[in-house]
Amino acid sequence: MRLYGYWRSSAAYRVRIALNLKQIRYDYFAVDLLKDGGQQHTEEFHRINANELVPVLVDGSNRVSQSLTIIDYLDDHYPQPLLTPLEGEKRYQVKEMAQDIAIDIHPLNNLRVQQYLINQYDFDKEDELNWLRHWITVGFAALDDKLRQTSGAYSVGSEVSLVDVCLVPQVYNALRFDVDLSQYPTIERLYFALNEHPAFSLAAPEQQPDSPQNKNRLIE
């Protein structure tokens with residue numbers, strides 16, 4: 001199994017967490033989203049994913065992109081532990097809040113949106129940060145309300161779910177952009193608790209071979 005990703009990609013971070021939770025071994029192929037204008041735009045990577053986005057998972061003859069679809073694929077083919085329940089109320093709570101993060105919050109602060117704002121609208125650094133913080137805080141305010149109703153040890157009850165897999169990378173981003181987590185006590189509690197779990201801590205950006213701290217371990 002191969003995973004194409006980038007150390008600081010939130011979407012790739014989700015998939016790394018899921019693979020770790022399921023204890024699936026994989027080979028990591030780094031795609032530098034900044035070097036030379038972005039390696040995701042090369043002809044070689046375009047053949048792997050025409051959207052020119054990471055992550056991409058290759059499992060035998062199967063090639064899957066989009067992080068939530070990859071995790072669905074993993075649940076279907078490697079179901080232990082199952083990250084989205086098969087039925088019942090929790091199934092829809094998990095899907096709803098995972099999509100709150102991955103579909104509503106994250107796309108407004110990902111790299112290509114930031115680059116577009118800077119290149120097309122002359123955003124300076126402060127303008128960019130104001131944009132990022134605004135949309136994260138709008139999303140986190142609603143999400144924290146929901147999590148107060150559903151959380152136990154984890155986001156939905158007592159078992160790790162897709163919500164947790166999506167939550168930790170998004171909070172990592174929020175902290176990069178100096179969002180004050182104390183405004184969202186349930187999110188804050190869950191984030192720090194989840195990072196005590198080895199599957200989450202080992203998936204952290206700084207632990208990846210292509211992070212600046214680990215360039216000497218880069219897998220080519």
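UniProt, in an unreviewed entry, lists residues 87–213 as "domain: GST C-terminal"; UniProt positions are given in the numbering used here, feature names are shortened, and annotations may be inferred rather than shown by experiment. The structure is a predicted model, in which local features need pLDDT of at least 70 and side-chain atom pairs count only at pLDDT 80 or more, while totals for chains, interfaces and linings use all residues. Residues are numbered from 1 along each chain as its sequence is written, and side-chain values use heavy atoms, with hydrogens and water left out.

The average pLDDT of the protein (the predictor's confidence in each residue, from 0 to 100) is 95, and 97% of the residues score at least 70. Residues 216–220 have a pLDDT below 50, and beyond near neighbours in sequence this stretch has eight contacts in the model, a contact being heavy atoms within 4.5 Å. Where pLDDT is low, the predicted coordinates should not be read in detail.

The span 87–213 is 65% helix and 0% strand, and its end C-alpha atoms lie 42 Å apart. Helices (H or I, at least four residues) and strands (E, at least two) are DSSP runs, numbered from the N terminus. Helix α6 (residues 125–150) packs with helix α7 (residues 162–176) at an angle of about 145°, and their axes are 12 Å apart. Axes are lines fitted to C-alpha atoms, for helices over the stretch in contact, and angles run from 0 to 180 degrees between N-to-C directions. On the α6 side the contact is made by I136, F140, L143 and L147, and on the α7 side by V163, L167, Q170, V171 and A174. The crossing of α6 and α7 is left-handed, a term used if the near helix is turned anticlockwise from the far one by less than a right angle, with right-handed used if clockwise.

For residues 1–82, UniProt gives the feature "domain: GST N-terminal", again from an unreviewed entry. This span is 35% helix and 20% strand, with end C-alpha atoms 19 Å apart. Four strands form an open sheet with mixed pairing, in the order β2-β1-β3-β4; two strands pair if DSSP finds at least two bridges between them. β2 (27–30) and β4 (62–65) are at the edges and have a single partner strand each, so one side of each lacks a neighbour in the sheet. On average, neighbouring strands of this sheet are turned by 20° against each other, direction ignored.

β1 and β2 run parallel and are joined by four bridges, with R2 having D27 of β2 as its bridge partner. Between these two strands the chain passes through helix α1 (residues 10–21), and this β-α-β crossover is right-handed; that is, with the strands pointing away from the viewer, the path from the first strand over the helix to the second runs clockwise. Strand β1 (residues 2–5) is antiparallel to strand β3 (residues 56–59), to which three bridges join it; here Y4 has V56 of β3 as its bridge partner. β3 and β4 also pair in the antiparallel sense, over four bridges, and V58 stands opposite R63 in β4. The hairpin of β3 and β4 has two residues between the strands, and within it G60 takes a positive phi near 65°. Helix α3 (residues 67–77) lies across β3 and β4 and runs at about 140° to β4.

Most residues other than glycine have a negative phi, and most peptide bonds are trans. D36, in the loop between β2 and α2, has a positive phi near 55°. The peptide bond from V54 to P55 is cis, with omega near 10°, and P55 is placed in the loop between α2 (43–48) and β3. Another cis peptide bond joins Q80 and P81, with omega about -10°; P81 is in the loop between α3 and α4 (89–105).
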